[in-house]
Amino acid sequence: QKHSGARLNDGAPRVFGNDPAATEVPALTKFVHAASLSMRAKKVLLQTRELLAFAEALESLVTAKPADATENRLRAAAKAAFDARAATLPGALDGALDAFD
């Protein structure tokens with residue numbers, strides 16, 4: 001923390017000279033951040049694929065020719081529910097993806 005300038009009131013560092021890289025903490029920090037980001041990216045990709053598969057399955061259900069009036073009403077209700085929920089996805093995804101910045 002002293003090397004990075006986060007603790008200015010404690011005086012100069014008394015170990016490892018004046019080279020923060022000699023502590024290997026910056027390298028460890030970069031490694032941990034990269035590993036964490038990699039795992040989060042994999043999880044987001046998996047969730048996105050699952051969401052797309054679900055959307056495709058639901059689209060198939062909604063766009064198929066209904067057998068009767070009851071099925072037609074059920075499909076219309078499912079489509080309306082899906083459209084309402086899908087409208088919230090961009091904001092939710094933006095919030096989740098902002099964590100990667």
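Mentor: Let us start with D83, which is partly exposed, having a relative accessible area of 37%, where partly exposed lies between buried (under 20%) and exposed (over 50%), judged with a 1.4 Å probe and protein chains only. This is a predicted model, in which local features need pLDDT of at least 70 and side-chain atom pairs count only at pLDDT 80 or more, while totals for chains, interfaces and linings use all residues. Residues are numbered from 1 along each chain as its sequence is written, and side-chain values use heavy atoms, with hydrogens and water left out.

Trainee: With which residue does the side chain of D83 meet in a salt bridge?

Mentor: A salt bridge is a side-chain nitrogen of Lys or Arg within 4 Å of a carboxyl oxygen of Asp or Glu. Here D83 meets K79, at 2.8 Å from N to O, and K79 is likewise partly exposed, at 40% relative accessibility. Both residues lie in helix α2, four residues apart, which is about one turn of the helix.

Trainee: How many salt bridges are there by this rule?

Mentor: The count comes to two, and the side chains of R75 and E71 form one of them, at 2.3 Å from N to O. This pair also sits in α2 (residues 69-86), again four residues apart. R75 is buried, at 11% relative accessible area, whereas E71 is partly exposed, at 24%.

Trainee: How many helices and strands does the chain have?

Mentor: Helices (H or I, at least four residues) and strands (E, at least two) are DSSP runs, numbered from the N terminus. This chain has three helices and zero strands, so along the sequence its pattern reads α-α-α. Of its 101 residues, 3% count as buried.

Trainee: How much space lies in the largest pocket?

Mentor: Rolling a probe the size of a water molecule over the atoms shows where empty space is left. A pocket is an open set of points on a 1 Å grid over the protein atoms alone, where a 1.4 Å probe fits and protein lies on both sides within 12 Å along at least five of seven lines; lining residues have an atom within 4 Å of a point. The largest pocket holds about 300 Å³, and of its 14 lining residues, V44, Q47, T48, L51 and L93 are the closest to its centre.

Trainee: Which helix gives the largest share of that lining?

Mentor: The largest share, eight residues, comes from α1, and α1 (25-63) and α3 (89-98) each supply at least two residues.

Definitions and conventions. Points joined across faces, edges and corners; volume = space filled by probe spheres on them.
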